[in-house]
Amino acid sequence: MKSTEKDRLRKLKIIENNTEITVGLKQNLPIDLQKLINTDENSEYFETLYSGGLTAKVFKLKINNVFYNLKKKRPVISVQGTDGQTSFLNEIERRLDFEIFKKEGDLDFSGIVDTIYASLKNGFIFSPWIEGKIPGDFTKKEIKNLFGTLLNMEKKGLFEWDLCPGNILITPDNKIKLFDFGYCYRFNPLKDYNSEEKDLPVFHMAERFETRNYMQLLLNTEELSGIQHTLKKYRYEKEAAAEIYEEKIYWLEQKKADNDILKFYKNIISEWKNSFVSEETLYNLYKKESFRSYILDAEDDLKGETCTKNTLLKIKKILEISENDYDFIKSSGLLFFGNEKLTKDDFTEKYRTAYEKALKYQIKR
Ligand SMILES: Nc1ncnc2c1ncn2[C@@H]1O[C@H](COP(=O)(O)OP(=O)(O)O)[C@@H](O)[C@H]1O
Ligand SMILES: [Mg+2]
């Protein structure tokens with residue numbers, strides 16, 4: 001059995017047995033534990049509710065003139081599947097990991113929110129409030145800052161899957177902060193590509209940021225300001241990724257990582273660097289990677305039945321690109337997840353149906 005499958009079973013057992021896991025010290029809470037557990041919109045220290053999530057309710061609180069964040073698990077998590085059902089527990093386990101890493105002090109985790117106190121049985125995570133906003137755009141420096149934190153996480157054996165816009169904040173002094181770890185899993189960076197071990201090399205740090213976040217931003221840029229401007233933004237993101245992946249390779253070599261892992265990252269970097277030589281080569285890489293990300297993101301939205309107008313936009317793009325450039329898609333290895341078995345007509349049919357589905361799931365929401 002794969003380690004991820006074992007881990008899923010382990011987590012289900014913890015939930016079934018109603019096991020307690022805590023992070024931090026109860027005495028560091030600024031108010032009584034029971035009072036905190038009973039927090040709702042009527043509490044005198046209540047400020048704002050961030051209720052977008054399907055797993056938890058997120059409150060901004062003001063206690064003795066200090067702002068805090070309270071993430072309270074919903075009685076029923078409405079995300080289907082084991083990963084959704086265990087995501088709150090998973091986040092508590094990660095918060096515990098980060099408190100340990102911060103104490104160890106060998107790597108910089110200032111980009112990760114602190115946990116004041118968390119309790120699985122009581123279903124809450126209590127943290128300082130991060131002053132910041134969801135970034136609508138990223139500079140190269142900010143992307144490197146984000147990738148730097150993610151690299152440190154990987155060095156400690158953690159792989160983050162969900163870098164969607166709502167899971168990243170940027171502070172007034174332009175520092176990136178991460179705080180939602182529902183889908184951040186353990187993996188062995190010396191032997192595996194991600195927490196799915198060696199099965200799915202398509203998923204890696206820069207790909208996760210691009211698929212869940214940056215490719216949407218670039219798609220909007222394409223529509224608003226044209227391809228030249230888009231490629232400029234794409235280029236500096238790839239440069240930041242290449243710089244951090246060089247650091248990763250250096251670390252992997254020092255730690256005597258498996259050869260195929262080293263080779264994997266070296267290949268990626270050389271592909272990226274080769275694309276920097278001309279506008280045309282950069283455009284080809286953009287075409288390839290954006291198409292990959294549209295497919296991965298659309299599949300994700302369809303599976304979770306969480307489609308938005310962006311899902312529709314991406315499926316439209318998939319159809320448009322495959323219509324005009326099927327040979328390019330095929331020769332670039334972009335047909336995966338069963339798509340490699342389809343003819344061009346079948347592929348078109350599949351994503352036309354997907355578009356209809358995405359429309360339907362949208363109406364339902
Ligand atoms: N510690 C924090 N400080 C400030 N804002 C936060 C903090 N934690 C979460 N938020 C805000 O609440 C939103 C939802 O929080 P998140 O932990 O991502 O919950 P969910 O699991 O529902 O996605 C975030 O998008 C962010 O805007
Ligand atoms: Mg979130």
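**Why these words fit this model**

Tutor: The shell around ligand 1 divides into 7 nonpolar, 8 polar and 2 charged residues. This is a predicted model, in which local features need pLDDT of at least 70, side-chain atom pairs count only at pLDDT 80 or more, and totals for chains, interfaces and linings use all residues. Residues are numbered from 1 along each chain as its sequence is written, while chains are lettered from A and ligands numbered from 1 in the order in which they are written.

Student: What makes a residue count as nonpolar, charged or polar?

Tutor: Ala, Val, Leu, Ile, Met, Phe, Trp, Tyr, Cys and Pro count as nonpolar; Asp, Glu, Lys and Arg count as charged; the others, Gly among them, are polar.

Student: How many residues surround ligand 1, and which are the closest?

Tutor: The shell has 17 residues, and the closest are Gly53, Asn69, Ile130, Gly166 and Asp180. To be near, a residue needs its C-beta atom, placed from the backbone, within 6 Å of the molecule. Strands E3 (56–63) and E4 (66–73) each supply at least two residues of this shell. Strands (E, at least two residues) and helices (H or I, at least four) are DSSP runs, numbered from the N terminus. The protein chain has 11 helices and 10 strands.

Student: Why is asparagine 18 called exposed?

Tutor: Asparagine 18 has 8 other C-beta atoms within 10 Å. Exposed means 12 or fewer, buried means 20 or more, and partly exposed lies in between, with C-beta atoms placed from the backbone. Therefore asparagine 18 is exposed. Asparagine 18 sits in the loop between helix H1 (3–16) and strand E1 (22–24). Its phi is positive, about 55 degrees, although asparagine 18 is not a glycine.

Student: Why is phenylalanine 337 called exposed?

Tutor: Phenylalanine 337 has 10 other C-beta atoms within 10 Å, so it is exposed. Phenylalanine 337 lies in the loop between H10 and helix H11 (344–364). Phenylalanine 337 also has a positive phi of about 55 degrees without being a glycine.

Student: Threonine 82 and threonine 308: what makes each partly exposed?

Tutor: Threonine 82 has 13 C-beta neighbours inside 10 Å, so it counts as partly exposed. Threonine 308 has 14, so it counts as partly exposed too. Threonine 82 is in helix H3 (residues 82–85). Threonine 308 is in the loop between helix H9 (279–304) and helix H10 (309–331).

Student: Which residues does threonine 82 contact, leaving aside neighbours within four places in sequence?

Tutor: Arg8 and Leu12. Contact means C-beta atoms, placed from the backbone, within 7 Å. Threonine 82 and arginine 8 are 74 residues apart in sequence, yet their C-alpha atoms are 7.0 Å apart.

Student: How do you know that the chain's radius of gyration agrees with a compact globule?

Tutor: The radius is taken over C-alpha atoms, and the globule rule is 2.2 Å times the number of residues to the power 0.38. For 365 residues the rule gives a value near 21 Å; the protein chain has 21 Å, so the two agree. Of these 365 residues, 31% count as buried.

Student: What makes a set of residues a nonpolar core?

Tutor: Its members are buried Ala, Val, Leu, Ile, Met, Phe, Trp, Tyr and Cys residues, joined through C-beta atoms within 7 Å. The largest such core has 48 residues, and Phe147 and Ile318 have the most contacts inside it. Apart from that core lies another, of 16 residues, including Phe59 and Leu61.

How values were computed:
Two residues are in contact if their C-beta atoms, placed from the backbone, lie within 7 Å.
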